[in-house]
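Have a go at each task before you read its solution.

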Amino acid sequence: MKKYELTSETKLWFGRTLFRIKALVSFGGVDAGELGGFVEKEENLEQSGDAWVSGNARVSGNARVSGDALVSGDAWVSGDARVSGDARVLSCKHIAWFSNVGSEDGTLTAYTTKQNSIEITRGCFQDSLEKFEAAVAKHHGESDFGEQYVSLVQYIKLRFLGVTVEVEAATDAVPEEEPAAKTEADDAT
């Protein structure tokens, strides 16, 4: 059974047509009939679980929101990013992702959780930043891939320094016009 549908309300975002979503049933903190944020396609938001995209938040490309994750406010999630578990992405400062990472050239996604911790998703790994660091040390040691991961972990720590999930900090005040330009490099950071 579907929990939401794509509506006919659309928004052009970086050359992609996004559709506002509407809840078909009540789940989590969402009421049946409630309008949500914007997704490019159904594959961007899991139909099961309590995951939701709200406000003016946008999810596009191969990005996927699942589990009990919430993307809201002025946040956008795109590229190959994966947001899941108890993630709370209330604005762009609550998420970062990196493409072509590791021996499989995959995507590493870092985001805040409702417990104000940093969670990492990379391939089949999904856990805290601390457990990710331990897994990197165990599996990659001081190899080139290990060094790359260590550098990304340091950046993530700096990037999320002082960032906390505060509902009051989320805002739906986003300019309605399409941004002027975006490069492929913007998708990787």
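**Exercise 1. Find out whether Tyr 4 is buried or exposed, and what is around Tyr 4.**

Step 1. Tyr 4 has a relative accessible area of 0%, so it counts as buried (buried means under 20% relative accessible area, exposed over 50%, partly exposed in between, with a 1.4 Å probe and protein chains only). Bear in mind that this is a predicted model, in which local features need pLDDT of at least 70, side-chain atom pairs count only at pLDDT 80 or more, and totals for chains, interfaces and linings use all residues. Residues are numbered from 1 along each chain as its sequence is written, and side-chain values use heavy atoms, with hydrogens and water left out.

Step 2. List the partners. Beyond the neighbours within four places in sequence, Tyr 4 is in contact with Ile 21, Lys 22, Ala 23, Leu 24, Glu 42, Leu 45, Glu 46, Gln 47 and Trp 52 (contact means heavy atoms within 4.5 Å). Between Tyr 4 and Ile 21 there are 6.4 Å from C-alpha to C-alpha, with a separation of 17 residues in sequence.

**Exercise 2. Work out where Ser 66 sits and which residues Ser 66 is in contact with.**

Step 1. Ser 66 is found in the loop between β6 (64–65) and β7 (70–71).

Step 2. Its relative accessibility is 15%, so Ser 66 counts as buried.

Step 3. With neighbours within four places in sequence left aside, the contacts of Ser 66 are Glu 46, Ala 51, Val 83, Ser 84 and Gly 85. Ser 48 is 18 residues from Ser 66 in sequence, and 7.8 Å from Ser 66 in space, C-alpha to C-alpha.

**Exercise 3. Decide which side of helix α2 carries the buried residues, and what they pack against.**

Step 1. Helix α2 runs over residues 144–159, 16 residues in total. From first C-alpha to last, α2 reaches 22 Å, close to the 22 Å expected at 1.5 Å a residue (the expected span is 1.5 Å times one less than the number of residues).

Step 2. Gly 146, Tyr 149, Leu 152, Val 153 and Ile 156 are buried in α2. They cover an arc of only 125° around the axis, so they are on the same side of α2 (the arc is that of the directions from the helix axis to the C-beta atoms).

Step 3. On the face turned away from this buried side are the exposed residues Asp 144 and Leu 158. The buried residues of α2 pack against β11 (95–101), β12 (106–112), β13 (118–122) and α1 (129–140).

Methods
Helices (H or I, at least four residues) and strands (E, at least two) are DSSP runs, numbered from the N terminus.
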